[in-house]
Amino acid sequence: MSLNFALILFVLLVVTGIVWAFDRVSLRPQRTARMARAAAEFDAGRAQSVRAASGETEVARQRQEAVDRAGKMPWWVEYSVSFFPVILFVFVLRSFVVEPFRIPSGSMMPTLQIGDLILVNKFSYGLRLPIVDKKVVPLGDPQRGDVVVFRYPVDPQVDYIKRVIGVPGDEVAYLNKRLTINGQEVPMKKAGEYFDPDRVSYAALYNENIKGVEHQILIDERRSPEIDPFGGFPNRDACDYSREGVRCKVPAGNYFVMGDNRDNSADSRYWGFVPDSNIVGKAFFVWMNFGDLKRIGRFH
């Protein structure tokens, strides 16, 4: 969906940009010449009779009308010239600075709620060419604990948001609902119970710390730890599934991601790794939630 919108925006930018450039180079000088001729013709012809009949004010009004008629732009030129700067600004902002997204599901609860409107930093991990998404200026890489938006590997037309758990070379294990990275269990401490109004049920609320990034997660302790993957996926042989969960070795150029709502999130445990080329940016700010204005602010 985001790729389609980016393509539509790019096409509009190109079309309006061509018309804008053509207007500046060719059409505008022609309009200026026509306006000058219209003013000269009015001064040489009707101006004297209008002045005698109605005075200087009417002369000025009719002269301006003649000039305006001569300088009127075709509607398609007028719209293109007007919208090109706006489209250019939106395209540059969305492609290289920040992009807005809406949280559609509860897979990142309690960190992100359904309906949260978030901003994604597009340059945290490098500048990419729009449409082709080729990184041209590397500025950094996703780190463990980052919340990232990416194109879903199974269907790149769909955007997903999850938390980075493993970076290239990491060994990630999620066994019996306990997370281990490179042989070290990730610290977590129970913080109570969390009521999910959409599912009308409670889940255990935990504070988790992934390499210094503190956040909260939900675990449904009634659910089995067994994971049923979605068939085959690239680098499927890097993962070992058992009744206790899954253990994966993250391949080069890929990331292992999970939702904070651990038992209600389709993520790398089920469909595999996220290639670096699919990363859109780092999510960092909730700018609006029309159902709860207190949600506005930064998150980790």
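Trainee: How do the axes of helix α2 and helix α3 cross, and within what distance do they come?
Mentor: In this predicted model, the axes of α2 (residues 47–54) and α3 (residues 56–71) come within 7 Å and cross at roughly 140°.

Trainee: What does that make them to each other, oblique or roughly antiparallel?
Mentor: Oblique. Roughly antiparallel takes an angle over 145 degrees, and the crossing here is roughly 140°, so α2 and α3 count as oblique to each other.

Trainee: And is the crossing of α2 and α3 left-handed or right-handed?
Mentor: α2 passes α3 in a right-handed crossing.

Trainee: Which residues make the contact?
Mentor: On the α2 side you've got Ala47, Val50, Arg51 and Ser54. From α3 come Glu56, Glu58, Val59 and Gln62.

Trainee: How many of the contact residues of α2 with α3 are nonpolar, polar and charged?
Mentor: Three are nonpolar, two polar and three charged.

Trainee: OK, switching to the sheet. What's the strand order with β10, β11 and β12?
Mentor: The order is β10-β11-β12, in an open sheet of three strands with antiparallel pairing.

Trainee: Why is one side of β10 and of β12 left without a neighbour in the sheet?
Mentor: β10 (188–196) and β12 (213–219) stand at the edges, and each has a single partner strand, so one side of each has no neighbour in the sheet.

Trainee: What's the average twist from one strand to the next?
Mentor: The twist averages 30°.

Trainee: How many bridges join β10 to β11?
Mentor: Eight, with β10 and β11 (residues 201–210) running antiparallel.

Trainee: Which residue in β11 is the bridge partner of Tyr194?
Mentor: That's Ala203.

How values were computed:
Residues are numbered from 1 along each chain as its sequence is written. This is a predicted model: local features need pLDDT of at least 70, side-chain atom pairs count only at pLDDT 80 or more; totals for chains, interfaces and linings use all residues. Side-chain values use heavy atoms; hydrogens and water are left out. Two strands pair if DSSP finds at least two bridges between them. Helices (H or I, at least four residues) and strands (E, at least two) are DSSP runs, numbered from the N terminus. Axes are lines fitted to C-alpha atoms, for helices over the stretch in contact, and angles run from 0 to 180 degrees between N-to-C directions. Angles under 35 degrees count as roughly parallel, over 145 as roughly antiparallel, 65 to 115 as roughly perpendicular and the rest as oblique. A crossing is left-handed if the near helix is turned anticlockwise from the far one by less than a right angle, and right-handed if clockwise. Contact means heavy atoms within 4.5 Å. Ala, Val, Leu, Ile, Met, Phe, Trp, Tyr, Cys and Pro count as nonpolar, Asp, Glu, Lys and Arg as charged, and the others, Gly among them, as polar.
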